[in-house]
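Hi everyone, thanks for making time.

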Number of protein chains: 2
Amino acid sequence: MKIRQEEIVEAALTLADEQGLGALNMRAIAARLGVQASALYWHVPSKTALMRAMAQSFHARALAVAGAGAAKDWRRWLIDYGVALRRALLSHQGSALLCATARPAPDTAAAAGDLLAAPLVAQGLSRAHALSCLASINALALGWAVYEQSEAMHDHLAEMIGFDESFALGLEAMVSGFHVD
Amino acid sequence: MKIRQEEIVEAALTLADEQGLGALNMRAIAARLGVQASALYWHVPSKTALMRAMAQSFHARALAVAGAGAAKDWRRWLIDYGVALRRALLSHQGSALLCATARPAPDTAAAAGDLLAAPLVAQGLSRAHALSCLASINALALGWAVYEQSEAMHDHLAEMIGFDESFALGLEAMVSGFHVD
DNA sequence: ACCTGAACACCGTTCAAGT
DNA sequence: ACCTGAACACCGTTCAAGT
């Protein structure tokens, strides 16, 4: 039974989705593909690299969604990006923690930075300022997603606030406070 | 050689600080205390519980700093809290990831929520709105700290933006966008 | 080229046994 | 009460050997 890199990442993703990030181990991934754990190492250098690939798929999704409407007002664009990023993170269990743990490949990160900054720079923000704003939105979305995906934290916070509204409130407040430099 | 709970948490904290969170294991902690790994389980129920205790020490520090000046304007207070929280997280290696992973004890979290909301409620914000604002600030500080403590992410971002200024910018933007409900 | 089987070092945790 | 020593199951990873 032949295996490809892509299949391994996909299997890992659905496994993490079903059983949680803590249940993600090489033997379980291999079993899901009808193969031995050691077979994975022909296609993937390490579990760390595998998790990095998993994390990148989330960023890629958010980037694709946000990149679509580049003609909008830059504040609107930032808000849409933040919402899309959070949604992408929440779409799979444990993805926030995964993104917090796994570092992206340096070249991918640089390319993503350029792509994200472009629509802001086109509307008059300096590149440095655009990246700064983007980083804050990344941090906000990641932080919220971490809280929402932490079981106990989720249960506790959910009693007192609504996640969607609170995130929207914080995001809109932040973006409205940004200025063109 | 007798051991106390507190000593174990402290040893774990300094070990994580020196060697990183990945090097944190029961045998290493025990060795630092001149004891066998199995001895730890007389004082601590599990590694998970130990990490929870570690995470709580960070929140406690930030809470102590922020609780100090309760008479300030609520926006100023929120900003000071955010800055204190981030500083507390950055003071130990891997603390952000630790706080993202370990869930606090439910009663501690509830008490912290009350304590933090109090100065805001005293100045006219509703309890729900105060908690919502606080959660956003928590998320922002945690997200930033995660980025700053992720080695590769750090190196990459540091080339383009200043962490301190960018965090301050995002935090002040957000707080200035909050309103009394 | 791609996979199996068996092994290695390491880890969290348990438990009888010591003092 | 508190600690040691030895063990267990589990994990990431390697590597010879098969096909």
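Let's begin on helix α5 of chain A, residues 74-90, where A:R76 and A:D80 sit four residues apart, so about one helical turn separates them. Helices here, by the way, are DSSP runs of H or I with at least four residues, numbered from the N terminus. The side chains of A:R76 and A:D80 meet in a salt bridge, 3.2 Å from N to O. By salt bridge I mean a side-chain nitrogen of Lys or Arg within 4 Å of a carboxyl oxygen of Asp or Glu.

Before I go on, some housekeeping: this is a predicted model, where local features need pLDDT of at least 70 and side-chain atom pairs count only at pLDDT 80 or more, while totals for chains, interfaces and linings use all residues. Residues are numbered from 1 along each chain as its sequence is written, chains are lettered from A and ligands numbered from 1 in the order in which they are written, and side-chain values use heavy atoms, with hydrogens and water left out.

The cut-offs are under 20% relative accessible area for buried, over 50% for exposed, and partly exposed in between, using a 1.4 Å probe and protein chains only.

Now hop over to chain B. There, B:D80 forms a salt bridge with B:K72, and the closest N and O atoms are 2.6 Å apart. B:D80 is partly exposed at 25%, and B:K72 is partly exposed at 29%.

Then there's B:R86, whose side chain meets that of B:D164 in a salt bridge of 2.7 Å, N to O. That pair links distant parts of the chain: B:R86 is in helix α5 of chain B and B:D164 is in helix α10 of chain B, 78 residues apart. B:R86 counts as buried, because its relative accessibility is 8%. And in chain A, salt bridges that share partners join A:K72, A:R76 and A:D80 into one network. Over all chains, the count comes to twelve salt bridges.

Which elements make up chain A's side? Those giving two or more residues are α6, α7, α8, α9 and α10 of chain A. The largest share, 16 residues, comes from α8(A).

Let's zoom in on A:S136, which is found in helix α8 of chain A. A:S136 counts as buried, because its relative accessibility is 1%. Its side chain makes a polar contact of 3.4 Å with the side chain of B:W144. Leaving out residues up to four places away in sequence, A:S136 touches several others, including A:M174, B:L140 and B:G170.

Last, the whole contact, meaning heavy atoms within 4.5 Å. Chain A gives 40 residues and chain B gives 40 residues.

Notes:
A polar contact is a pair of N or O atoms within 3.5 Å; within protein, one must be able to donate a hydrogen and the other to accept it, and residues adjacent in sequence count only if both atoms are side-chain atoms.
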